[in-house]
Structures are given as C-alpha cells and as structure tokens.
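Can you walk me through this structure, step by step? I'm new to it and would like to know where to look.

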Amino acid sequence: MRDSRGMTRRRALGIGGALGLTAAAGLTSAGALARRPAITGAVLRSAVPLPPPFQVPLPIPAVLKPVSTSGGADRYEITQREASVEILPGVTTPMWTYAGTFPGPTIESRRGRPVTVSHRNELPVPTVVHLHGGRTPAASDGYPTDLLLPGGRQERSLHMGQGSGHTAHGSGHAMHDPRAVVTELTRDYTFPLDQRPALLWYHDHRMDFTAPAIWRGLAGLHIVRDDAEDALGLPAGPRELPLVIADRAFAADGGLAYPALDPTLRVRPGVREPYLAGVLGDVILVNGAPWPVHEADAARYRLRILNASNARHYELEAVTSDGRRLDLVQIGADQGLLAAPVVHTLLPIAPAERYDVVVDFSGVPIGGLVRVVNRLGSGRTRDVMAFRVAHKASDGSRVPRTLSADLPAWRRSDAVRVRDFAFRAGRTHAGRGWLIGGLPFDPARTDVTTRLGDVEVWRLVADVHHPVHLHLVGFRVLSRGGRPPLPHDGGLKDTVSLRPGEAVEIVTRFDGYRGRYLFHCHNAEHEDMGMMANLEIV
C-alpha cells in the first residue's frame, strides 16, 4: 500500500503543518484543528460539579484469580456487564465493564505460560476483545468483525446484520466481511504469551464502535512477568503501581457524556462533527478515580503507566511542592524492559502507549506532596494525580545499569522491503473521516501482505497527531523527521506517536503467527472513522 502522494508531501507537511493537508484532503471541518496542534480533538465539558484534586485515594485494580491452573495453562472467566460505579464522589455512573469494575480486573501471567480468557457478553451490544501488545494467534487477536454477540433471541435479531459479517462502517455504508467469525454469549480467547515481560492491556475493538466502548469502561490491564525481570531488584509489591490514565466527561445525571451519533451504539457509528478529530474529557482519571492521591513511602516506586485515553496526549512531569522536578527513570516501553535506563524529567505519552518508570521519593520531606502534571493540559486537565510522602522507610530496591539483553537488533539493512504510509484526514464512503494511504478501512480488502519472518522498514507520515499501533509485532523506531529517535522512543514498542507533519521510520520482523492482523491509528475516534488497514502474514 505504497502512497507516493503522501510521501512527496513530506517536506510540505514539515513546513505547513496539519491544516493545509487536511483541507486538501477534503475535511472541511478541519478548521477545528489548529496549525501544529499540541493535541488533536475537542473537549467535552462536564455538567456536574467536579471534586477538588488530590482528595480521592488512588484505587489499585484487583488482580483476577484463575478458575483453573491445570495442564500448564491458566484459565480465567470475565463477564462483560453493565454496572453502576462511583467515580466522582457521591455520584453514580452507569458503565459497561469487565467484571463490574473500571478499569477491569488485572490479569497477571508468566512468560510462556498460556492463558485462556473466557468472555461472556451480557451487554446490550456485540463486543470484541483485543489484547493490546499481545503476540496472539489471529483467531484470538480481536479482529473488529469477529463479534461476540449478546445472548437472547431479541438481541440476536437486533444484531443480525453485524452477526452475519456485515458492518455499518462510515455512518451506514455497509461492508461485508466473509472471514468474520461470530459467536454468541461466550468466547474463549487464547494467549500463548511467548513474549517479553511487559504491561499489556485488553479493550473492546468492535468495528466502528471501539471509541465509545472504551469510553464507557471496557478496558483492563494484563501484566506479563518472568524470572529474569523478578531478579533485577526493581521496586515491587506495594511499590509497583499500575497507573491507567484516562479522561472522561460527565452528564448532568452522572452518566458519562459522549457525542455519539447513536447513543445506543447499535446501528450508526461516529460522533458529532465538532469531535471528528477526537473526544477529550475535562476530568482526568487514574485507575478510575478523579485526580487521585496516593500515600507513599520515602522510597523508590515503579510506575506502570498506560494512556488509556481515546485521544488525549500527555506530557508527564513529577513536581514537588517547592517546584523541583523529580527524575522519571524510564526502564521499559510498550513491549517490555529497555536495555538500560533512560532519565527524563518530562515524558510524552500518546493514547495506548505504555511507559515503565521508577520515581525516587526518598528526597521528599515527610508530608510533602509530589504532583504529577500534564504539560499539555490546561485548567483542571493540567493535574493528573499526586503522591503524598507519608512514611520514612527502608528501601532495598535498585535500578541496575543493565535491564535486559534480549532486545531484537534489527537494522535497516536487514529489511527486505520498505513501505510508505500516509495517515491523514479525507473522504470516506459516507463523508469525512480518516485514511491510511488514501483509503478508509475495508475488512474485505487486504492492504499489506508479508511473509512470516520478513523484516521490513515502514515510513509513516502524519497530518495531525496519530498514535500508530501494529498488532502482533513490536518494532524499533529508527528515525523522526530524518533525525535520530527521541529519548523516549527507545526499546521495543507497538505504538508510536506521530506528531503533526512528522515522518517516522520503524523496523520490525513479522514473526509469531500467520493470519489477518491490523495496523491503525489509536486515536479511537480516528480508528472508528476509517483509519485502519489489514495486514496479512503468509
């Protein structure tokens, strides 16, 4: 899917920014996208009073227990169901959940030990589960048309169109997917987990409705561990904290506000025109709590950070009460540990990216407050969460100079081919949307075919912010704008943040499994409006 037009505009993109290209592509509403914007999207304003920051304790998602551990594999069961959740203090919010909580329960597993998760759908809509970052056989990867239908005769009749392999992508333009595998009520997803230890996450991936489903609560963590990582001496136990950062907005009745064209999320996909570039909330949640605070020891903490927002980008900074910035010592990326630590004071994180960082609170006075702020935010969205250093404590943890020795060493010269892809606004079958290589997504079309084991270099170019995610494989970032990668680009990644007008080169090896996979923008509204493409590994 080489798009020579997109690549010949690389220099124009670098000079002119996003606005010219979006207009040329036919997205007349792109006036809402400022030239070289810091973020891509429009903000929804909550209609309920919001709590002050740093009052709600940080929740820690519960770790799910397996229902079986026999035969060298672990089996889990999760029911997808509606639940009333208290997110804002004293306010009840209806949500779609995994097992009744938001985020869903965390699954912890060991490298190379297979896991099967049996999902039961008691929601009013079809669902699809994708383990983001998993090296997963195609049958369990969560292809957008491989639907899990709700049970019951009435629900079957409501979803017959989708259940028969049709989808209403692009506000009603029906497309047929002859390869769709549809099941009813329950479905088993099997994950071999023959991969590096890493922070993964699972979320809904239904065709055309990924964004509102995640917004309503369908997201949870999956952590892969191994003996080598356990032996490093990194902060562990209560000093290893998962941080799922997401923004939301709340309606007057306490429910989640979202500008869906079809609030039932059954028939017509898409959002109202002001939000075509992405939906941003005015409340920052961490592990499902608004601007929480965590009582910490004066010691090192390992923070496993996921940006689970639909469209919001963050530049994270840890600031003490006297204005001192603490080091964010990065030890891992999307796909696990780096070779060696990298020290940041400011860490950008795009939707779906994960960073593994160590922060040392030992130099903070007892009673001191460390605020985690977002330099891209304004007003209430500038604050993320806080740590209150409450206790002196001994600390036997360390950050070794060498973290791992198993990172792939793919080089540009190893590539058997180079492909070019332009990510930009344009026309879909039903109107305005987002395209890869000039085309909106079609599940029946194969966009890229590659051989199992091939190494390829991909050159990606963007109009506005696009966090690009590849299913199945991790990759290395080779360059940005013809220059070396940025400090936060190191390690093995599965999502890379393309900034407005920027070209990025990545290299990967397509190994693991044959079958049909995806690559797409992880701005979830862009994804739902056409910015996905098919990858066939043969």
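Predicted model: local features only at pLDDT ≥ 70, side-chain atom pairs only at ≥ 80, totals over all residues.

Residues are numbered from 1 along each chain as its sequence is written, and side-chain values use heavy atoms, with hydrogens and water left out.

Let's begin with a sheet. Four strands make up an open sheet with mixed pairing, in the order 4-13-12-6. Strands here are DSSP runs of E with at least two residues, numbered from the N terminus, and two strands pair if DSSP finds at least two bridges between them. At the edges are strand 4 (104–110) and strand 6, each of which pairs on one side only. From one strand to the next, the twist averages 20°; for such angles, axes are lines fitted to C-alpha atoms, and values run from 0 to 180 degrees between N-to-C directions. Strand 4 and strand 13 (residues 219–225) run parallel and are joined by five bridges.

Now for the rings. The structure holds nine aromatic pairs. To count as a pair, rings of Phe, Tyr and Trp (its six-membered ring) need centres within 6.5 Å; planes under 30 degrees apart are stacked, over 60 edge-to-face, and the rest tilted. Take Trp458 and Phe510: their ring centres are 5.8 Å apart and their planes are at 40°, so this pair is tilted. Trp458 lies in strand 31 (residues 455–462) and Phe510 in the loop between strand 35 (503–509) and strand 36 (515–521), so the pair ties together parts that are 52 residues apart in sequence. Trp458 also forms an edge-to-face pair with Phe519, at 4.8 Å centre to centre and 65° between the planes. Phe519 lies in strand 36, so this pair ties strand 31 to a part 61 residues apart in sequence. Both Trp458 and Phe519 are buried, where buried means under 20% relative accessible area, exposed over 50%, and partly exposed in between (1.4 Å probe, protein chains only). Phe510 is buried too, with a relative accessible area of 0%. Ring pairs link Phe421, Trp458, Phe510 and Phe519 into a cluster.

Phe510 leads us on to Thr450, since the two are in contact; contact means heavy atoms within 4.5 Å. Thr450 is found in strand 30 (residues 448–450) and is buried, with a relative accessible area of 2%. Leaving aside neighbours within four places in sequence, its contacts include Arg419, Glu456 and Leu535. Thr450 and Val538 are 88 residues apart in sequence, yet their C-alpha atoms are 6.3 Å apart in space. The side chains of Thr450 and Arg417 are joined by a polar contact of 3.4 Å (a pair of N or O atoms within 3.5 Å; within protein, one must be able to donate a hydrogen and the other to accept it, and residues adjacent in sequence count only if both atoms are side-chain atoms).

Our last stop is Gly142, in the loop between strand 6 (129–132) and strand 7 (148–149). Gly142 is buried, with a relative accessible area of 4%. Not counting residues up to four places away in sequence, Gly142 touches Val128, Val129, His130 and His205.
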